[in-house]
6 protein chains.
Amino acid sequence: MKVCRRETFNSAHRLFREDWSDEKNLEVFGKCSYPNFHGHNYILEVWVEGEIDPETGFVIDLKELKHIILGSVIERFDHRNLNLDCPEFKGINPTTENIARVIWNILREQLDHKFGIEVQLSETEKNKVFFNGN
Amino acid sequence: MKVCRRETFNSAHRLFREDWSDEKNLEVFGKCSYPNFHGHNYILEVWVEGEIDPETGFVIDLKELKHIILGSVIERFDHRNLNLDCPEFKGINPTTENIARVIWNILREQLDHKFGIEVQLSETEKNKVFFNGN
Amino acid sequence: MKVCRRETFNSAHRLFREDWSDEKNLEVFGKCSYPNFHGHNYILEVWVEGEIDPETGFVIDLKELKHIILGSVIERFDHRNLNLDCPEFKGINPTTENIARVIWNILREQLDHKFGIEVQLSETEKNKVFFNGN
Amino acid sequence: MKVCRRETFNSAHRLFREDWSDEKNLEVFGKCSYPNFHGHNYILEVWVEGEIDPETGFVIDLKELKHIILGSVIERFDHRNLNLDCPEFKGINPTTENIARVIWNILREQLDHKFGIEVQLSETEKNKVFFNGN
Amino acid sequence: MKVCRRETFNSAHRLFREDWSDEKNLEVFGKCSYPNFHGHNYILEVWVEGEIDPETGFVIDLKELKHIILGSVIERFDHRNLNLDCPEFKGINPTTENIARVIWNILREQLDHKFGIEVQLSETEKNKVFFNGN
Amino acid sequence: MKVCRRETFNSAHRLFREDWSDEKNLEVFGKCSYPNFHGHNYILEVWVEGEIDPETGFVIDLKELKHIILGSVIERFDHRNLNLDCPEFKGINPTTENIARVIWNILREQLDHKFGIEVQLSETEKNKVFFNGN
């Protein structure tokens with residue numbers, strides 16, 4: 001049994017490696033590397049896998065999961081520039097894949113290890129990623 | 001290969017344990033325990049896993065799957081109060097998890113055992129669950 | 001120029017006239033009149049029409065509009081039974097049309113009369129209404 | 001008769017007046033004024049009103065409308081920082097209202113005056129604006 | 001007050017004038033003119049404008065509106081080839097504009113003239129039209 | 001880690017076996033077998049599973065994946081009649097299951113075998129299939 005909570009955040013970013021020239025960044029990352037940033041409405045789905053608690057009928061209380069996501073993920077990244085404001089991406093290119101992995105790691109520290117965690121993160125209507133820690 | 005049919009139903013419910021005081025119900029389930037019920041547009045996705053029948057090109061005829069879902073699930077729960085009208089939830093708190101498990105069990109009796117079954121049930125735009133029988 | 005804020009609420013209701021017999025209620029309102037209620041995820045769009053304030057670039061601050069909607073509409077109807085809990089529907093059948101009109105009237109009292117107001121309210125994926133006060 | 005073409009663009013921005021202190025910007029615009037920008041997946045709907053051409057059955061060829069929108073709007077704003085990269089917002093706070101008005105003015109110059117134009121622009125799933133030139 | 005019912009139908013069509021050469025059809029209508037047809041999941045929204053009936057709280061019973069739409073529109077066009085199967089498009093290019101106008105005319109004959117009618121028809125996620133009879 | 005690219009195509013088709021009578025086709029496939037075809041807006045999600053490249057932060061460059069999907073899948077099937085125009089369905093009934101399998105096989109030849117591939121294909125808002133090659 002898995003349960004899912006959906007939250008959103010709005011951030012600026014650019015794809016970019018400091019150790020590459022601007023030309024190489026542009027060649028590899030295209031307009032995603034433009035120097036003054038662009039941004040996205042990220043849609044985050046957090047899936048938590050576990051047993052149904054026979055007392056409450058919940059795998060996890062989704063109000064509690066919501067507060068964990070808001071406090072540990074949305075608070076950090078919403079209305080922020082992932083490259084400039086977020087030490088989590090120091091030396092890490094903020095691709096959707098890397099953002100999902102960072103979020104998964106944050107949640108892994110917040111949630112009891114009896115729970116499995118899966119993260120789905122949409123960057124646009126056409127691009128999204130999935131990470132389950134493997 | 002898996003195929004999916006999506007149907008919806010609109011029900012009233014409250015989260016509530018009879019053996020708890022109103023205070024404890026309110027403390028644990030919050031506004032979901034309010035005594036006069038609230039309701040949801042539940043969105044049900046039923047996934048059926050199997051081989052493609054070489055004669056028809058179908059895993060299962062989705063018209064047939066639709067009729068099974070309508071007859072055995074939607075008919076029971078649509079425009080009903082899950083707590084008051086549905087014996088399936090006698091002594092079972094109608095959380096999304098428990099509703100999904102009840103639906104999975106109903107479908108398991110209706111569908112040939114050569115098929116795997118997965119149920120995804122959305123309660124709101126932000127909350128959903130997944131159950132595959134394990 | 002019009003701006004829109006979208007919020008949701010989850011309520012139970014039934015369509016029902018006290019002065020009609022159960023048979024007549026069932027005949028006219030069908031399964032929407034079942035006695036123990038059903039419910040919906042209502043989706044509310046509030047459109048506010050006005051001039052752009054040259055100082056802020058806003059017609060109305062959507063944070064402010066959000067707080068007005070949450071405080072005056074969502075707080076009243078979310079996780080409530082419209083028939084039993086909400087005096088606004090005393091003697092008024094809680095059809096989507098009537099709910100939209102009640103919401104429009106509430107917002108009309110909250111918002112400066114320099115603003116036009118339009119309300120769109122979805123009851124299901126297939127049924128919605130629009131009201132602009134006329 | 002009106003026809004609509006939907007396109008999207010991803011931009012960074014912040015709400016901010018140069019002639020206000022950082023404190024006042026933060027007070028009025030909240031986290032939307034954070035200095036390092038955030039961003040959105042803007043969804044643009046362009047509605048064109050006119051008569052059906054009896055020869056083609058089109059109000060306007062939507063392929064042509066698409067190319068006009070891509071060439072004159074999306075090309076300018078997609079993957080750009082509205083505050084830093086786009087002279088259209090020199091001295092204009094890039095609120096959704098102002099972006100919609102800028103887009104409407106761009107399209108008004110591109111399209112034959114026999115057509116009426118309406119622009120709907122969504123900034124998030126919850127916030128959107130509508131402008132028809134009045 | 002306006003109320004809306006949403007229905008869908010799946011049809012094949014091509015854009016094509018018999019009195020034009022294949023070359024001219026291809027030049028004007030592009031891949032939409034390919035000879036063996038393509039198809040769409042059309043999404044139809046029918047809006048009906050009127051007064052709320054004080055007895056029922058309905059502008060129009062949406063169950064009744066649904067049956068009118070299913071019987072007079074969906075039945076005719078669903079799983080059909082608009083060019084070959086539907087006399088409504090004899091000599092009329094089945095553009096989204098023309099389909100919407102044909103549907104509006106059908107509904108105008110079915111619905112009491114005290115009601116205003118608006119039709120919104122989506123051909124793809126990016127293209128849609130609106131017609132209100134003017 | 002899995003990444004997903006979403007694309008759409010619009011095709012005509014009918015469900016039909018040449019070696020069956022029209023009556024049997026109609027009995028088994030219902031209105032999906034009508035002789036003059038109908039059509040759909042197919043929504044394709046291609047998921048690619050692999051390791052994050054530490055240099056780019058990508059599992060696969062989604063621009064590259066987009067070009068592969070457009071060039072090898074969309075180009076073939078968009079605005080085409082799957083039964084008449086597409087040799088891939090010679091002797092194969094173009095059910096959603098079979099279309100997904102054909103697409104999976106095409107992509108399997110295009111993508112490095114270090115990647116896992118999953119295909120989700122929606123035929124309507126209510127019907128979709130999933131195939132991962134097993």
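Q: How many residues does the contact take from chain F and from chain A?
A: This is a predicted model, in which local features need pLDDT of at least 70 and side-chain atom pairs count only at pLDDT 80 or more, while totals for chains, interfaces and linings use all residues. Residues are numbered from 1 along each chain as its sequence is written, and chains are lettered from A in the order in which they are written. With contact defined as heavy atoms within 4.5 Å, the contact takes 20 residues from chain F and, from chain A, 20 residues.

Q: What area do chain F and chain A bury between them?
A: Buried area is the accessible area (1.4 Å probe) that two parts lose on being put together, summed over both. Of the area buried here, 54% lies on carbon and sulfur atoms, and the total is about 1700 Å².

Q: Which residue forms a salt bridge with A:Lys128?
A: A salt bridge requires a side-chain nitrogen of Lys or Arg within 4 Å of a carboxyl oxygen of Asp or Glu, and 2 salt bridges are counted between chain F and chain A. For A:Lys128 the closest N and O atoms are 3.0 Å apart, and the partner is F:Glu45.

Q: In β1(F), which residue is the bridge partner of A:Val129?
A: Strands, which are DSSP runs of E with at least two residues, numbered from the N terminus, pair if DSSP finds at least two bridges between them. Strand β4 (residues 127-131) of chain A pairs with β1(F) in the antiparallel sense over 4 bridges. Within β1(F), the bridge partner of A:Val129 is F:Val3.

Note on methods
Heavy atoms only, no water.
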